Amino acid sequence: MEIKNYSSSTSDFILLGLSSNPQLQKPLFAIFLIIYLVTLVGNVLIILAIHSDSRLHTPMYFFLSNLSCMDICFTTDIVPKMLVSFLSETKSISYVGCLIQMYFFMAFGNTDSYLLASMAIDRLVAICNPFHYDMVMNPQRCLLMLLGSCTISHVHSMLHVLLISRLSFCASHVIKHFFCDTQPVLKLSCSDTSSNQIVLMTESLAVIATPFLCILFSYLRIIITVLRIPSAAGKWKAFSTCGSHLTVVVLFYGSIFYVYFRPLSMYSVVKDRVATLMYTVVTPMLNPFIYSLKNKDMKMGMRKLRFRIHS
């Protein structure tokens, strides 16, 4: 059999997608089109509600509006290509297009995790050190946290894409996934991927685990502080400000750790597709509902936005 090298910029990869059953392509297209539109509309409404209501011009909502912006970018990097693939017979993506998709997927995904960590820090300061909240979470510091989140994430993505761009892809160029994710692409390489695996399990662990540990530490401190509040009403009020954020963190990190922090030999196509769908498609869609349905300030902001639109 002739061995071809698919590492040139003129070659294509084939994305298998969620299902190879022709009868499921149009129903899947309809489902994910609806999910994508709901994600766009929901997150845009969150951004507009926050920017139009002066009461929501606080650090927590500053980070939330940027999280919504990242969620829009995150899903836009993946879902439109999925929708095209559902209606296409070739289901191909160019080598360069694959690397670009992988770059922005990691950049936006990691920025999401750092923004979640920033929101956890905000809750930590608000609950554990409320008298110094305005001084600690000042606008300049919030902006620096945002810029730091974006910078670390993009440097991390660039490192991975540069390492993968050095690999050769022989024989099979079929990616058993619905987008160009790191593990499925590495499985296709006929080069030595040990350096990629080492970076994936060390540098990636540090980049992804750092915000996670920050969130964990913040909530441990919050729990200790809240347990010292004498009244049950006071405890509930403090915890209620963290409920939405904690729900998103569990959904986001639960699926990420399942997918990425296992050896390549334990990689499972079907299970990983489901877990990846959770944080790439489902979580960004649910975020606006989680933050608006359980948050009185956001509900009020949404009402004001609706009134302005109709007036």
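1. The largest pocket holds about 610 Å³ of space. This is a predicted model, so every value here is computed from predicted coordinates. The pocket is lined by 23 residues. Closest to its centre are Arg 123, Ser 240, Thr 241, Asn 295 and Asp 297.

2. Which elements give two or more residues to the lining of the largest pocket? They are helix 2, helix 3, helix 8 (232-240), helix 9 (243-260) and helix 11 (296-310). Helix 8 has the largest share, with 4 residues. By class, the lining has 9 nonpolar, 8 polar and 6 charged residues.

3. Next, the second largest pocket. Its volume is about 270 Å³. There are 13 lining residues. Gly 42, Leu 45, Phe 289, Ser 292 and Met 302 are the closest to the centre of this pocket.

4. Three helices each supply at least two residues of the lining of the second largest pocket: helix 1, helix 10 (269-293) and helix 11. The largest share comes from helix 11, at 5 residues. The lining divides into 9 nonpolar, 2 polar and 2 charged residues.

5. A search of the whole structure finds 4 cavities of 30 Å³ or more. The second largest cavity has about 70 Å³ of space. Its lining includes a run from Leu 15 through Leu 16, Gly 17 and Leu 18 to Ser 19. Gln 25, Met 82, Ser 85, Phe 86, Lys 91 and Phe 178 also line this cavity.

6. What gives the most to the lining of the second largest cavity? Helix 2 (residues 59-86) does, with 3 residues. The lining residues of this cavity divide into 6 nonpolar, 4 polar and 1 charged.

7. Strand 1 (residues 12-15) pairs with strand 3 in the parallel sense, over 2 bridges. Within that pairing, Ile 14 stands opposite Val 174 in strand 3.

8. Is Thr 39 buried or exposed? Its relative accessibility is 1%. Buried means under 20%, so Thr 39 counts as buried.

9. What is Thr 39 in contact with, leaving aside its neighbours within four places in sequence? The partners are Thr 75, Val 281, Pro 284 and Met 285. Thr 39 and Ile 72 are 33 residues apart in sequence. In space they are 7.1 Å apart, C-alpha to C-alpha.

Conventions:
Residues are numbered from 1 along each chain as its sequence is written. This is a predicted model: local features need pLDDT of at least 70, side-chain atom pairs count only at pLDDT 80 or more; totals for chains, interfaces and linings use all residues. Side-chain values use heavy atoms; hydrogens and water are left out. On a 1 Å grid over the protein atoms alone, a cavity is a set of points where a 1.4 Å probe fits but cannot get out, and a pocket is an open set with protein on both sides within 12 Å along at least five of seven lines; lining residues have an atom within 4 Å of a point. Grid points are joined across faces, edges and corners, and a volume is the space filled by probe spheres set on the points. Ala, Val, Leu, Ile, Met, Phe, Trp, Tyr, Cys and Pro count as nonpolar, Asp, Glu, Lys and Arg as charged, and the others, Gly among them, as polar. Two strands pair if DSSP finds at least two bridges between them. Buried means under 20% relative accessible area, exposed over 50%, partly exposed in between (1.4 Å probe, protein chains only). Contact means heavy atoms within 4.5 Å.
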